[in-house]
Amino acid sequence: LRITTESIVPGMEIHNVCLPPKKTTLQKLKQRLGEIFFPDDPLYRFKNQTWCKKLLLGLQFLFPIFQWGPEYSLRLLRSDIISGLTIASLAIPQGISYAKLANLPPIVGLYSSFVPPLIYSILGSSRHLGVGPVSIASLVMGSMLSETVSPHDEPILYLKLAFTATFFAGLFQASLGFLRLGFVIDFLSKATLVGFMAGAAVIVSLQQLKGLLGIVHFTTKMQFIPVISSVFNHRDEWSWQTIVVGVSFLVFLLTSRHISMKRPKLFWVSAAAPLTSVILSTILVLCFKLKTHKISIIGYLPKGLNPPSANMLSFSGPDLALAIKTGIVTGILSLTEGIAVGRTSAALKNYQVDGNKEMMAIGLMNMAGSCSSCYVTTGSFSRSAVNYNAGAQTAVSNIIMATAVLVTLLFLMPLFYYTPNVILGAIIVTAVIGLIDYQAAYRLWKVDKLDFLACLCSFFSVLFISVPSGLGIAVGVSVFKILLHVTRPNTLIMGNIRGTNVYQCLGRYKEASRIPSFLVLAIESPIYFANSTYLQERILRWIREEEDWIKANNEGALKCVILDMTAVTAIDTSGIDLVCELRKMLEKRSFQLVLANPVGSVMEKLHQSKTLDSFGLNGIYLTVGEAVADISTLWKSQP
C-alpha cells in the first residue's frame, strides 16, 4: 500500500513550535527538585489555612493517630479487638520461630512483637499492617552475621551485632523517608523480587529439615548443595519420633492454610493453626515425656518485659562494617515488604499510604526496637492478610496484638518450656511456602522474557551462591535492565494512515504506509550521552535500509528524514551534538533533517545551544503531518 503526497490531509494549518515560558535557573531547579522529591505535594493541605489549622494538620501529618483518633468509636474498637487477638495468635508462634531463623534467642522474637507494633500504631499510616518479625529479613540477618560470628560460640557478640544491625536498618529506613529517597528501593524490581523471595523460601524450608528430622549436627551454610549434603550425611541422627510429630503438624498447618486460601471467610483457621499446633505439641510432649526420645524442646524462656539494650549497641570495633552492611540489606528488604503490603491493603480499602512516611515510621520503629531488645521488624505479608480479613479498622489492632504479647511475656512464658523445636520448623515452612509465587513467574514468562530471565538469575543466585549475594545479583540485574533500556532505546519507522494526519509504526499497523521521499523515524526515549552514539548508528542504518528498499521497489529518491521527538522527554549536550552531527552528515548527502514535536525542555536546550539556527524555518514542526504537508508544498512550488 502506497500513499502519495496528494493524499495527505489538504489545507492543513502550519503551527509554530513555541519555546516554553522563560524561567530563571532557580525557578527551574525548584520545579525539578519538587518533581523529584515531592511528586505527591505532601504540603498541599497546609495551603490557605490558619495557624491553628496548620498546627493540627502538622500533628496529623507527623502522627497519623491524630487523624483517626478523634473519630474512634466502640464499634471500631470491637473490630480491632477481634483482629488484634487473631493476629496475636499468629504473631506469638511466628515471633519465636523467626527469632530462631535469625539465630537469636526465641524470646527476642516475642520482644520484637511487642514494642515495634506500639510505635507503628502511632507513626504508621496503614490501618491494616500487621507489624513484627518476618522470615526473609530474619534469614538474611542470620546468614550474614553467622558468616563472621558464631551465634553458639559468641552469643553475646552475636546479639550485640543483631541489635546494632537493627539500629542501622532503622536509621537507613528513616533517612530514606526523611530525605524522600524512597525510589532507591524501586531498584528491586518485581521480577527480581519474585525470584529472590522464592529462592529464599526454598533455602529457609530446607534449613528447617534440621528440626523436622531431629538432626543435631547441621551445616550453618545457606546454599542448596551444602544443606542437602548435610541432611543425607547425618542420616544416623534422624529421629523417627521427631519426623512423625513434624510431618503430622506440617500437614495440619498446610491443610489449614489451604482451607483459608480457598475460603477467605475462614481466615481464622490458618491464623489460629500455628498457636493451636504449639499448644497441642506442647501437651503431647508433656504427657508422653517424649523429650527422652530425641525430640528437642525450646526450654526455659525468661518472663518479663523487654530489657533495655541500648548499652549493647556497638558503634566501633572490627565488626561495625558487618553490622552496617547487614542493617542496610535487611532494611531494604523489610522496607520493600512493608510498603508493598501497606499499599496493597490501602488500595483494597480505597485510602492512600504515604511511602516516605511509612519509611520513617518503620525506621523509627526499628531504631527504638534496637534499644529494647528487638531485631528488624516490618509489615508482614501473613499477619497483614489475617489482620485485613479479620476486619481491622485502624492501627489499634496492633496495640491489641502487642497487649496480648505483653500478657504472654508477663505470665505465660513457662508454658512454652516443653514446646518442641520441630513445631517451629513446621510453622516457618508453612509461612514461607506462600512466598513461592509460581503464578507470578509464569506471568513474567508470558509477558516479558527479560523479566523472567531476571527472576531466574535471582532465584538460582540465592539457591546456589548465598542469600546476600542473591540480593546483590537481583539489584544488579535490575540495574542492568534499566541500563539496557537507556542505552539501547527503541526506534521506529513510521507511516501515514490514509486519509488522516496520524502516523504510526509501519510494522504494527498494516494500514500505515510510507510517504514518497520521506523517512519518518520515532525515538522513544530521552537522548543522553549513554545512547547518543547508538542512536546515530541506528538512524544511519534506518536510512541505508530505506534506500535499499527504494531501489528494490523503484520508488522516488529519499529527500527528507523526519525525527518524531514526541517521546524524547529530555536531552543533554551529547544529545544536542548528535542532532548537529546528524544534520551535517545528512546535508552532505543532500538529505534534509526535520524535527517534529520536540517537548519544551528539549526545545529550550536546542534554542540555548543555537542548534535551532542551523535548521532554519523549515526544520522544526509541531507534528509529523504538518512537516510532510508543508515540505511537500515547498517542493511543488520549486521550479
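The model is predicted, so local features need pLDDT of at least 70 and side-chain atom pairs count only at pLDDT 80 or more, while totals for chains, interfaces and linings use all residues. Residues are numbered from 1 along each chain as its sequence is written, and side-chain values use heavy atoms, with hydrogens and water left out.

Me: Why is the contact of lysine 481 and aspartate 451 called a salt bridge?
Reply: A salt bridge requires a side-chain nitrogen of Lys or Arg within 4 Å of a carboxyl oxygen of Asp or Glu. For lysine 481 and aspartate 451 the N to O distance is 2.1 Å, and the pair therefore qualifies. A search of the whole structure returns seven salt bridges.

Me: What makes this pair a link between separate parts of the chain?
Reply: Lysine 481 belongs to helix α21 (residues 467-487) and aspartate 451 to helix α20 (residues 449-464), so the pair ties together parts 30 residues apart in sequence. Helices here are DSSP runs of H or I with at least four residues, strands are runs of E with at least two, and both are numbered from the N terminus.

Me: Are arginine 514 and glutamate 546 buried or partly exposed, and how do you know that?
Reply: Buried means under 20% relative accessible area, exposed means over 50%, and partly exposed lies in between (1.4 Å probe, protein chains only). Glutamate 546, at 4%, is therefore buried, whereas arginine 514, at 25%, is partly exposed. These two side chains also meet in a salt bridge, with N to O at 3.1 Å. Arginine 514 lies in the loop between β5 (512-513) and β6 (518-523) and glutamate 546 in helix α22 (residues 532-553), so the pair ties together parts 32 residues apart in sequence.

Me: What makes glutamate 547 and arginine 589 a salt bridge?
Reply: Their closest N and O atoms are 3.0 Å apart, so the pair meets the criterion. Glutamate 547 lies in helix α22 and arginine 589 in the loop between α23 (573-588) and β8 (592-596), so this pair ties together parts 42 residues apart in sequence. Glutamate 547 has a relative accessible area of 23% and is partly exposed; arginine 589, at 38%, is also partly exposed. Elsewhere, salt bridges with shared partners join Asp448, Asp451 and Lys481 into one network.

Me: What makes a space in the model a cavity?
Reply: On a 1 Å grid over the protein atoms alone, a cavity is a set of points where a 1.4 Å probe fits but cannot get out; a pocket is an open set with protein on both sides within 12 Å along at least five of seven lines, and lining residues have an atom within 4 Å of a point. The search finds one cavity of 30 Å³ or more. The largest cavity has a volume of about 40 Å³, and its lining includes Arg514 and Glu546. Strands β3 (491-497) and β6 each give two or more residues to that lining.

Me: Why is β3 described as largely enclosed?
Reply: Seven of the seven residues of β3 are buried, so the strand is largely enclosed by the rest of the structure.

Me: How do you know that β3 pairs with β6?
Reply: Two strands pair if DSSP finds at least two bridges between them. Four bridges join β3 to β6, so these antiparallel strands pair. Within this pairing, threonine 491 has isoleucine 523 as its bridge partner. β3 also pairs in the antiparallel sense with strand β4 (residues 503-505) over three bridges, and methionine 494 is partnered there by cysteine 505. With β5, β3 has two bridges in the antiparallel sense, where asparagine 496 stands opposite serine 513.

Me: Why is alanine 426 called buried?
Reply: Its relative accessibility is 0%, so alanine 426 counts as buried. Alanine 426 is placed in helix α18 (residues 421-432).

Me: Which helix gives the most to the lining of the second largest pocket?
Reply: Helix α18 does, with five residues. That pocket has a volume of about 1,100 Å³ and is lined by 42 residues.

Methods:
Points joined across faces, edges and corners; volume = space filled by probe spheres on them.
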